[in-house]
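Hello,

Here is the structure for your files. Please open it alongside this note; the findings follow below.

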There are 2 protein chains.
Amino acid sequence: MTAADQTTASAETSTGSKFDSVLDDALAALAGRTYFSRYPESPSPRVYGETAAAQGLSAYEGRLGKPFEGLQGAFDDTTVGDEVSPYGPTLGVAYPHLDVDAAMAAATDAIPAWRDAGPRRRALVLIEALDALNKQSFEIGNAVHHTSGQPFVMAFQAGGPQAQDRGLEAVAAAYAEQSRVPESVTWEKPGKGEPLRMQKDYRIVPRGVALVVGCNTFPTWNAYPGIFASLATGNAVVIKPHPRAILPLAITVETLQQTLSDNGFDPKLVQLAPEADGEGLAKTLAERDEVKIIDYTGGPTFGAWLEREGAARGQQVYTEKAGVNTVVVDSTDNVRAMLGNLAFSLSLYSGQMCTTPQNIYLPKDGIDTDEGHLSFEEFGAKLGGAIGKLTGEDEKAVEILGATVNDDVRARAGSLDKIASDAGGSVVADTRQVTHPKYPDAVVRTPGLIGVGVEAQGAYTTEQFGPVTFLIGTDGTDQSLSTFRDTVRKHGAMTASVYSTDEAVLDKARDAAMDAGVALSENLLGQVFVNQTAAFSDYHGTGANPAANAAYADSAFVAGRFRVITARRHV
Amino acid sequence: MTAADQTTASAETSTGSKFDSVLDDALAALAGRTYFSRYPESPSPRVYGETAAAQGLSAYEGRLGKPFEGLQGAFDDTTVGDEVSPYGPTLGVAYPHLDVDAAMAAATDAIPAWRDAGPRRRALVLIEALDALNKQSFEIGNAVHHTSGQPFVMAFQAGGPQAQDRGLEAVAAAYAEQSRVPESVTWEKPGKGEPLRMQKDYRIVPRGVALVVGCNTFPTWNAYPGIFASLATGNAVVIKPHPRAILPLAITVETLQQTLSDNGFDPKLVQLAPEADGEGLAKTLAERDEVKIIDYTGGPTFGAWLEREGAARGQQVYTEKAGVNTVVVDSTDNVRAMLGNLAFSLSLYSGQMCTTPQNIYLPKDGIDTDEGHLSFEEFGAKLGGAIGKLTGEDEKAVEILGATVNDDVRARAGSLDKIASDAGGSVVADTRQVTHPKYPDAVVRTPGLIGVGVEAQGAYTTEQFGPVTFLIGTDGTDQSLSTFRDTVRKHGAMTASVYSTDEAVLDKARDAAMDAGVALSENLLGQVFVNQTAAFSDYHGTGANPAANAAYADSAFVAGRFRVITARRHV
């Protein structure tokens, strides 16, 4: 490098916005992977204000039974929407339906000014939008509660502040990656006579229109990383929500559009594309030439189609599909805490998290614990007991279990005996139907446990979404770990955990997790659960196994969303 | 962030190797995109030593007419190889042929120790290998010369030091991305009582086996970025060279294996997979479960297959395929220098660079220059004259033109009249067959120019690889720019340039290049050519148009080659 080389990196310069320090703090946390949260997860009145809960509920109720008026977009003259809460009530919200041609044109037209605003300006506008969304956390929490079936506190937390923190994480990750490209540089190559001197300007350009396909169970949490990462890198976004979970994303789009407008940008940078059940709008949108990025959460069949056909069309496709999350139990010095932690992990939202454990491997000869040796059967009975204790009172149970989200889950929960006998195993702890004290139509289920041998791979290597868990008896922990590794390499997983008092076993478990390409939680006994990841510190997924090709939010999750165009000339 | 948060980033710590400072300098250059080169491009004896050229030639000649003995790998008992120099001589080197099953097993077995060595150790070992390759630049230069047909000095530069600089750039880019992930952090979440405290360890894991598919024209330059980026991120690499350009990569693999061995790593981390012509080994290898990354340079049909099927298999696929490189001529204040620069760009290696301009747009009414107005026909005649002057003497011409690489190129060069008449145009400057003074069997061609109207899109939107250039008459510069933009968006391009004395036109050209997703060179008049890019500063391609889905070496080129696996536990 010569002394004459000069780099201008004005993308990194503060702009005087009140959000500058937020971005800088988020960048520092992301670099250090330390604890960071901008949006408090507690729904306490002391945090969000005495009237926030009531106002949020009222705002939610004010949306029901009428057309959703707040959206901007290129619409045809039809409406769609027939959301019914898993708790029973019909939402009755009618959403305007996009005119796809016009919507794509509007999105494309909106891009240049947003692109030219540059990475830092975009990041600050998006943080302003996240702050605005945070103020709506109770309203969005109710909308997530009544579309996903999550219990309310979880819906508030995961659908509100935790989703917002994941959005901020995506903004920070996208900014970090873009800010590494200088805006302009004087390049000077020494030679025999005068050096060759060129000015090179580097422009960050977006890929085009980004499609985000939302899911039913986590309409905001799984969508925000893609939405915010694509917007932060200068793309326009079209969001196709799940037909049974439109409202949380409609409110999100309305707020994003308002913030974009307030800052002088075209609100149609973000458009909502709700569909009628069975319309197949995601496929129609994915096949558009304008669409260059897809973020998808959903079933593996359509996900694989998007990956294959998207690649053929030059699209960058990020998917989260399905997997078999795993717990390996070797031994413990605190069996009570272990069972309590596991019972909560299995019960939370009736096992309908993409991160809920499904397969628990333990030696068929049992495990050593602080309460003596436990046989395989005793372990199953005790875990069933811990679940029963946690979910014994209907009124409290529904605040953990939520409601089953769809008929598939209900059918699976209702046929535990058949699943067990098909697998050559037996029901160790039956699922219990809970009556919701407020919503009698809600179908609420406690987790059921099925005991099988390690040979029953046909059953436990398929995702059994919902309250179904396999206890799998192995020849010993070595076989537990090798089956874990092989199964996850082939069938994928979002999470894994291990319980052992033996450092050598934990080392082997770490090696197996590395080989399997899944994150590992070790000896969770307290208030951290394997289902849960923290923005800025834990990656959600790894991208290293078939469950997902991406992680929230590593550099691979953002680096493919923009390109760099150089213009060079002699000076 | 709390004060108790602690981050360990030992990946960034110096290790005391003599290559530490090389890596640090490369990282600084990459961050600043300033001029940087470790490997001198001049083949001068003052740089490489008085005896280097003769020793390199002798080493090259010592490879000919016998089995290539230096490779390690899992071989079957056959050999392949029937390379014939585009200059005439038969190379006669027989290469051992991989046993694919055993080679994949060997590659997989080699990964864990390489993975566990960590990003910095890998980077330093790879820099040692690049330094060793640099000492072989004359040997490799001769091998590239006699497989690609590049003129010798170009083969030395592009095949040797410039390829090595691109390799170093990939190592630096990969290290930069990996080093942003801390090794370990104490995460502390504040709560009502004691904070929740966890230790989180982050492990960089490779994707698996990386397949690199080489091309005929730039066997090392186009392969090194993928090879070094994949190795730097912990993967094993299997290299499938083009059947007519095996030797440069065989020497490369031999040296890489030696350096890996010297440092205590399994040499089978890099294996050469030469094939017989027509064997289809690239497809066989691409379909292996072990293969998780593919780097491909070659034709668009197989490239598109790799992208589609690779995505379906969860592979990360980086391709460089084909495009139509473009020059827009609006006006100039130095017509002589412009024509000289363009003539060289078209002549260098007979237009067989993926970066050679193919389409030159100018107003059919001509352009304003410092020598007065030039009509379309006068421009064509003058450009033909400049080419003729540059390539008029056979002996000097072959040092620019090299030799045609294959029968396709020869056929195209030999049918200029037909291409012109099919396009409804005419030959403006005919291609001239040059007799090589040393190699009478070499087919050497000067660039031919075909004049067409802008309506002849059927001809000029297809890549005419080799010495065929279209002069395309437009209604004016606005149409030139819009046709440029639309054509590149649809058909791709690796390079673009513009000549204009009008800042407003240059601004429009920058906008068009941004929309087209291609890098722009402006008013090149001297010793920088649109075909050439500089490592650490210019991106090779952008990934933003159909010519290539990747750029050497941006963050997207490296971020998909590794994943991060977390292990977390309470402390």
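**Cis bonds and positive phi**

B:Ala553 sits in the loop between strand S21 (520-522) and helix H21 (555-559) of chain B. Helices (H or I, at least four residues) and strands (E, at least two) are DSSP runs, numbered from the N terminus. A cis peptide bond joins B:Tyr552 to B:Ala553, with omega about -20°. In chain A, a cis peptide bond joins A:Tyr552 and A:Ala553, and omega is about -20°. A:Ala553 lies in the loop between S21 and helix H21 (555-559) of chain A.

Before going on, the ground rules. This is a predicted model: local features need pLDDT of at least 70, side-chain atom pairs count only at pLDDT 80 or more, and totals for chains, interfaces and linings use all residues. Residues are numbered from 1 along each chain as its sequence is written, chains are lettered from A and ligands numbered from 1 in the order in which they are written, and side-chain values use heavy atoms, with hydrogens and water left out.

B:Phe536 has a positive phi of about 75° although it is not a glycine. B:Phe536 is buried, with a relative accessible area of 0%. Buried means under 20% relative accessible area, exposed over 50%, and partly exposed in between (1.4 Å probe, protein chains only). B:Ser350 is not a glycine either, and its phi is positive, near 50°. B:Ser350 lies in the loop between helix H13 (335-347) and strand S12 (359-363) of chain B. Its relative accessible area is 0%, so B:Ser350 is buried. Why list these? Most residues other than glycine have a negative phi, and most peptide bonds are trans.

**Where the chains meet**

75 residues of chain B are in contact (heavy atoms within 4.5 Å) with 76 residues of chain A. The area buried between the two chains is about 6,200 Å², and carbon and sulfur atoms give 55% of it. Buried area is the accessible area (1.4 Å probe) that two parts lose on being put together, summed over both. On the chain B side, B:Tyr35, B:Met514 and B:Arg568 lose the most area to chain A, together 14% of what that side buries.

Between chain B and chain A the count is 12 salt bridges. A salt bridge is a side-chain nitrogen of Lys or Arg within 4 Å of a carboxyl oxygen of Asp or Glu. One of them joins B:Arg115 and A:Asp515, at 3.2 Å, N to O. Strand S22 (residues 562-570) of chain B gives the most to the side that touches chain A, with 8 residues. S22(B) also pairs with strand S21 (residues 520-522) of chain A, in the parallel sense, over 3 bridges. Two strands pair if DSSP finds at least two bridges between them. There, A:Leu520 has B:Ala567 as its bridge partner.

A:Glu177 and B:Arg180 also meet in a salt bridge (2.7 Å, N to O). The pair crosses between chains, from helix H8 (residues 161-179) of chain A to the loop between helix H8 (161-179) and strand S4 (184-189) of chain B. A:Glu177 counts as buried, at 2% relative accessibility. B:Arg180 counts as partly exposed, at 32%.

**Inside the chains**

The structure holds 70 salt bridges over all chains. Among them is A:Lys382 with A:Glu371, at 3.4 Å, N to O. A:Lys382 is in helix H14 (residues 376-390) of chain A, and A:Glu371 is in the loop between strand S13 (367-369) and strand S14 (372-374), 11 residues apart. A:Lys382 is partly exposed at 35% relative accessibility, and A:Glu371 is partly exposed at 43%.

Strand S4 (residues 184-189) of chain A is mostly covered, with 5 of its 6 residues buried. S4(A) and S5(A) run antiparallel, joined by 6 bridges. A hairpin connects them through 6 residues. A:Trp187 has A:Met198, in S5(A), as its bridge partner.

A:Pro206 is in strand S5 (residues 196-206) of chain A. Is A:Pro206 buried or exposed? A:Pro206 counts as buried, at 13% relative accessibility. Beyond four places in sequence, its contacts include A:Ile111, A:Arg115 and A:Phe562.

Best regards
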